[in-house]
Amino acid sequence: MRPVEEHAAAVAALVAPTGPETVGLAEARDRVLATDLTSPIALPPFVNSAMDGYAVRAADLGRLPATLPVPEDVPAGRVDGPPLAPGTAHRIMTGAPLPEGADAVVQVEWTDGGLPGATVTVEKAVEAGQSVRGAGDDVVAGQTVLTAGTVLGPAQIGLAAAVGAAELVVHRRPRVLVLSTGSELVAPGEPLRHGQIHESNGPMLAAAVDDAGGQARLLRFVPDDVDEFLATLDAALDEPTDLLVTSGGVSAGAYEVVKDAFATRGVAFTKVAMQPGMPQGAGRYEHAGHAVPVVTLPGNPVSSLVSFEVFVRPVLRAAAGHPRPGRARVTARVSEDLRSPAGRRQFRRGRLDAVTGTVVPVGGAGSHLLASLAQADCLFVVGEDVTEVAAGTEVEVWLLDPLP
């Protein structure tokens with residue numbers, strides 16, 4: 001059987017990095033910046049108050065308590081900038097520009113709260129510069145504030161907005177066509193006849209593609225006939241596609257339409273030394289003069305999603321520019337004795353107890369046990385050369401996100 005790393009390398013070689021595109025800030029979350037972002041302005045862009053209080057000259061508070069006239073009110077957003085005369089105080093709000101002539105702000109709690117047009121009595125002295133934010137304290141004009149390769153979260157999008165960027169240049173999301181086959185499949189919500197099951201792989205894999213940063217398009221209930229299969233596929237591939245992911249139809253039995261259709265059309269099928277997910281395929285399918293990358297996954301739902309995690313997710317994230325395309329990994333101790341098949345790397349479902357550093361198996365190893373996968377927050381790995389794992393043995397744990 002083919003080693004896991006060898007098949008992973010074959011899949012990775014299929015998908016090229018995506019090009020850049022410009023998107024608005026509302027579309028930028030979780031995208032990867034493709035070019036550096038330089039600020040055209042300073043942050044703050046002007047000297048301003050760090051407190052609600054009174055703009056003063058610190059020297060005017062030499063004797064306390066000090067009572068000063070309050071000729072002006074300076075709320076945030078005022079742009080006419082009234083200067084401060086010696087021996088007076090302007091009431092000022094947080095973020096408002098510091099008036100010319102002022103060098104400090106007395107916070108309102110240290111005063112009697114006097115109103116504009118009257119006076120204010122100050123009980124505590126301040127030093128020059130107190131409660132004042134200098135222009136450029138955070139960012140100077142011309143500074144690179146975000147570098148290419150940055151994953152854009154809320155803080156990064158907030159910074160981009162603060163320096164005036166309405167759009168960002170990011171890596172395009174890989175366009176993935178998800179195709180599911182099987183004459184036994186029925187749409188969720190439809191009644192089942194004996195021998196039928198609801199189709200789950202398509203929605204599951206489409207969700208996995210989107211979660212990985214791709215852009216999924218779902219093609220369901222493709223006929224189990226090679227000619228009809230290819231005709232349906234070719235029509236769907238007329239839309240731009242960076243990767244075709246199929247599930248089902250790749251085993252050694254009869255009626256394996258994916259294998260029958262692709263085996264002589266650029267896709268190599270193999271058995272990979274893993275459980276679940278042994279039957280796999282990868283290659284390129286020629287369509288309209290373009291070689292479309294193809295990854296074929298097994299049809300059992302757990303095999304399909306685990307195979308996606310191992311082979312497809314990191315490739316999609318790498319194509320979209322993510323600096324850390326793989327799942328976060330930790331080590332933990334297994335909570336109970338386990339057995340594993342010789343010569344196959346086992347990916348078991350589990351729940352991680354971060355407090356005790358243990359991982360608890362969830363369900364069995366069966367590739368049809370989707371409920372246990374839905375309850376898991378991690379996968380843990382048992383090596384190919386291991387057949388028995390004693391409780392307390394350390395294993396590699398892949399953290400799934402989001403956690404259920």
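How many of the seven residues of strand 13 are buried? Six are, so this strand is largely enclosed by the rest of the structure. "Buried" here means under 20% relative accessible area, with exposed over 50% and partly exposed in between (1.4 Å probe, protein chains only). The model is a predicted one: local features need pLDDT of at least 70, side-chain atom pairs count only at pLDDT 80 or more, and totals for chains, interfaces and linings use all residues. Residues are numbered from 1 along each chain as its sequence is written, and side-chain values use heavy atoms, with hydrogens and water left out.

**View 1. The whole protein, before we zoom in.** Let's start with the overall picture. The protein has seven helices and 28 strands; these are DSSP runs, numbered from the N terminus (helices are H or I with at least four residues, strands are E with at least two). Its C-alpha trace spans about 95 × 55 × 40 Å along the principal axes. Buried residues make up 44% of the 404 residues.

View 2. Two strands count as paired if DSSP finds at least two bridges between them.

**View 3. Strand 13 and its two partners.** Now look at residues 175–181, which make up strand 13. On one side, six bridges join strand 13 to strand 16, and the two run parallel. Here leucine 177 stands opposite arginine 217. Five bridges link strand 13 to strand 17 (residues 243–247), again running parallel. In that pairing, valine 178 stands opposite valine 245, while serine 180 has serine 247 as its bridge partner.

**View 4. The buried residues of helix 3.** Pick out Asn201, Gly202, Met204, Leu205, Ala206, Ala208 and Val209: these are the buried residues of helix 3. Their cover includes strands 13, 16, 17 and 21, along with helix 6 (301–319) and helix 7 (370–375). As a reminder about helices, an α-helix has 3.6 residues a turn, so residues three or four places apart point the same way.

**View 5. Asparagine 201 and what it touches.** Asparagine 201 lies in helix 3. It counts as buried because its relative accessibility is 7%. Leaving out residues up to four places away in sequence, asparagine 201 touches Ser247, Pro298, Gly299, Asn300, Pro301 and Ser304. Contact means heavy atoms within 4.5 Å.
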